[in-house]
There are 2 protein chains.
Amino acid sequence: MASDGVVGSTDLPVKRQREDGENGVSASTLSMEADGNGVSAVIPGWFSEISPMWPGEAHSLKVEEILFKEKSDYQNVMVFQSSAYGKVLVLDGVIQLTERDECAYQEMIAHLPLSSIPDPKKVLVIGGGDGGVLREVSRYSSVEKIDICEIDKMVVDVSKQFFPEVAVGYEDPRVTLHIGDGVAFLKAVPEATYDAVIVDSSDPIGPAQELFEKPFFESVARALRPGGVMCTQAESIWLHMNIIEGIVANCRQIFKGSVNYAWTTVPTYPSGVIGFMLCSTEGPPVDFKHPVNPIDQILSQKSDKPLKFYNSEIHTAAFCLPSFAKKVIDSKAE
Amino acid sequence: MASDGVVGSTDLPVKRQREDGENGVSASTLSMEADGNGVSAVIPGWFSEISPMWPGEAHSLKVEEILFKEKSDYQNVMVFQSSAYGKVLVLDGVIQLTERDECAYQEMIAHLPLSSIPDPKKVLVIGGGDGGVLREVSRYSSVEKIDICEIDKMVVDVSKQFFPEVAVGYEDPRVTLHIGDGVAFLKAVPEATYDAVIVDSSDPIGPAQELFEKPFFESVARALRPGGVMCTQAESIWLHMNIIEGIVANCRQIFKGSVNYAWTTVPTYPSGVIGFMLCSTEGPPVDFKHPVNPIDQILSQKSDKPLKFYNSEIHTAAFCLPSFAKKVIDSKAE
C-alpha cells in the first residue's frame, strides 16, 4: 500500500512528503488500515495509533495539517498539527510527544532520578532526540556535562524545526549530541562516568528493543558511579505487566542499590499512563520515593520557567501502585 | 442516519437490536460519523468514542460482537464484547465501564469517601445503575443501609444480564433500589440522613447535567449528617479544568468541612484519567488524604474477595495533583 495514495484520499494538506513503500501496520489490523505513519485510510483526516503492542484499541487524533513526513534510516517520521493536542511527533505510527501533554513525560523521566540524588554533575540521555529531557536536565545548576546519544538524526532535526519549546534543550552549552547507537556508546564509556543515565526510548518492539535487555542494563550499571541512578521508560501497567515483570527482574539482578517502579499519566500514550524503572548502583543509598534534591522547590525560589507537571508530592505519589500491579512488581523487586 | 444501516454495513453479529432514529453525534464530527451508540460507520468492526466533550480525539475499541442495543427513555444503551477490554457498557456513545478496568473507577469512587470516615452506616448512591459502586460499598461491615437512586432501569437490567460481577452489588440485602430522578429523590430525603453520598454520574452534558450544579450540591449537603461525606465523579484534569474549576468553587461555597480533588487512571475514559470531588459537611473534621477506616487493611485480615486496584497508598497519592491542576484547584479550594 503506497502512502501517497492513502494520504491523497484524505484531502489533507501535506507540506512535505516523500514516497515510502513500507507499511508498518500488521495484517491483524486490517480493519483499520493505515500507512506506516498511522494516517488512516478509512478515517479521512484523522490519525489512528495502531500497534500490535496494544491490539484491539486505538487512539485517534483529528489532523489539521501534516507538516512533515519522511522515512529516515531507522523509521517513519511524521509531524502533524492536531486540533486537540497541538503539534504531534509520530515515529513508525506511534505518538512520541504532543505539545499539550509532553510536560508530564519529560518532567517525570528527568526529575524522578535527578531529584533523588544530591548535586548531579554528569548526565547521559539515551534516545530522547526531541530534546525535551535535555530541557529538564538543564534545570539543575549542579550539572556540568550532559551527553545525549540519539540514533536517528532526523528526530533531532525535526524537533528543532517543529518543536522549538522542546528542542530548546539543545541550546544549553553543557549538552553534547552524539548521533549513534546507544548500546555501542555505553560500551565505550569509561566505568563510573555518570551520576545519572536517562533512557528515553520508544517501545521494545522495533529499534529500541535492545534497550530493554539485560546486557544493556549491565552497560548502564557499569557507566554509573557508585550510588548513581538510572531512569528508563518502562511501559504501561494496564497493557504490559508481562514486559514490566521482565524489566524489574532484570534490574533486580543487575542493580545492587534501589529498584523501584513509578508511573504517571500521559493522555496520548496507550492506556493513558507510562511507567519508569528507577534503579541505583551499589554505593551511597538512594531513596527514590523521597526526593533529596527537590527541583520544584529550588526553582520556585528563582525566576526560572516554572514546571508544568512535576512537584515533590507527585514524585512520591508516582511510586504508589494499584494493588494488581504492586503484587506483581513487589514479587520481582524485593 | 438510521443505526440499522450503519451497523449493517459493519458486518458485525448483532444479538438484539432495535431501530433508533436519533444520532448522538454532532455535526462537527462528520469525519468520523457514527450512530448514537458510537458504532462507527467508517471503521468497520470498531467502536469509536466521539463527543463534543473531547473534540478532535477518539478512543476506539475493536468489537467482537454487539450483545445489546436499545434506546431507553433516557439514552442509547449498548453492550458489546471488545477484543481488548472484555464486555463494554456504552451510554449515548460514551463508555461507562469495561470489564478490564472498571475496578479502578468503582473502587476509588467508593473507598475514597468511605475509608475517610469511621463506621459509615447509611450510604446513598446517585446513578451507578450498573451496581459496581454497591459492590464496593458492601465491603464495609459497619454499613446498615444502602440506597441507590438510578434514573434508567434499563441500565440496571442490562448490567444484571451482561455484567454479573459488577451487578453483584444488588445481591446485598442492605441495598434498596429506587428508580427515579436523583435530584428529586435527594429533595425528599430527611435532613442529616446519610453518612456518605456517592454520585456516580455520566458527563455534565446530557441527563446528568443537574448533578454538577449548585442546587444539587445543596441537597446533598442537607441530606448528609454533620461531618458526612460526598464523593462525585469530577471529570479529567487534562480535558476539563474549566468544568472542574466550577465544581470546586460551588463545593467550596456549600460544604463547610473539607473540599478536596482526587483523581485516578481509567484507560477507557477520555484522556485516561477521571477525577473525584470529595467534600464533607460541617461537623467532625474529615481528613480525606489519610484514611481512618482503611478498607484494604481490614479486608486483608479476612478471606473476602481482595481489592484489585485500591489500597491506602493509592488513596493518599490520588490527592497529589500535577502543578498545572494544583494551581487552579488550590486557588478555588482554599
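## Basis and confidence

Residues are numbered from 1 along each chain as its sequence is written, while chains are lettered from A and ligands numbered from 1 in the order in which they are written. Because the model is predicted, local features need pLDDT of at least 70 and side-chain atom pairs count only at pLDDT 80 or more, whereas totals for chains, interfaces and linings use all residues; side-chain values use heavy atoms, with hydrogens and water left out.

For the complex, the predictor gives an ipTM of 0.88 and a pTM of 0.89.

## The sheet of chain A

Helices (H or I, at least four residues) and strands (E, at least two) are DSSP runs, numbered from the N terminus, and two strands pair if DSSP finds at least two bridges between them. On this basis chain A has an open sheet of 7 strands in the order 8-7-6-9-10-12-11, with mixed pairing. Strand 8 (175-179) and strand 11 (259-265) of chain A are the edge strands, each pairing on one side only. Neighbouring strands of this sheet are turned by 15° against each other on average, direction ignored; axes are lines fitted to C-alpha atoms, for helices over the stretch in contact, and angles run from 0 to 180 degrees between N-to-C directions.

Strand 9 (residues 194-200) and strand 10 (residues 224-233) of chain A pair in the parallel sense over 5 bridges, and A:Val197 stands opposite A:Met230 in strand 10 of chain A.

## Helix 7 across the strands

Helix 7 (residues 214-223) of chain A lies across strand 6 (122-127), strand 9 and strand 10 of chain A, and runs at about 140° to strand 10. Its buried residues (under 20% relative accessible area, with exposed over 50% and partly exposed in between, for a 1.4 Å probe and protein chains only) include A:Phe216, A:Phe217, A:Ser219, A:Val220, A:Ala221 and A:Ala223. Among the elements covering them are helix 6 (182-188) and helix 8 (241-254) of chain A, together with strand 6, strand 9 and strand 10.

A:Asp200 is buried, with a relative accessible area of 9%, and its side chain is joined to that of A:Tyr105 by a polar contact of 2.6 Å. A polar contact is a pair of N or O atoms within 3.5 Å; within protein, one must be able to donate a hydrogen and the other to accept it, and residues adjacent in sequence count only if both atoms are side-chain atoms. Beyond four places in sequence, the contacts of A:Asp200 include A:Ile126, A:Gly127 and A:Asp130.

A:Asp147 lies in strand 7 (residues 145-150) of chain A and is buried at a relative accessible area of 3%. Its side chain makes a polar contact of 2.5 Å with the side chain of A:Tyr194, and A:Val123, A:His178 and A:Phe185 are among its contacts beyond four places in sequence.

## Positive phi in two loops

Most residues other than glycine have a negative phi. A:Asp119, however, has a positive phi of about 50°; A:Asp119 lies in the loop between helix 2 (102-114) and strand 6 of chain A and is partly exposed, with a relative accessible area of 47%. A:Ala192 has a positive phi near 60°, sits in the loop between helix 6 and strand 9 of chain A, and counts as partly exposed at 39% relative accessibility.

Definitions and conventions: Contact means heavy atoms within 4.5 Å.
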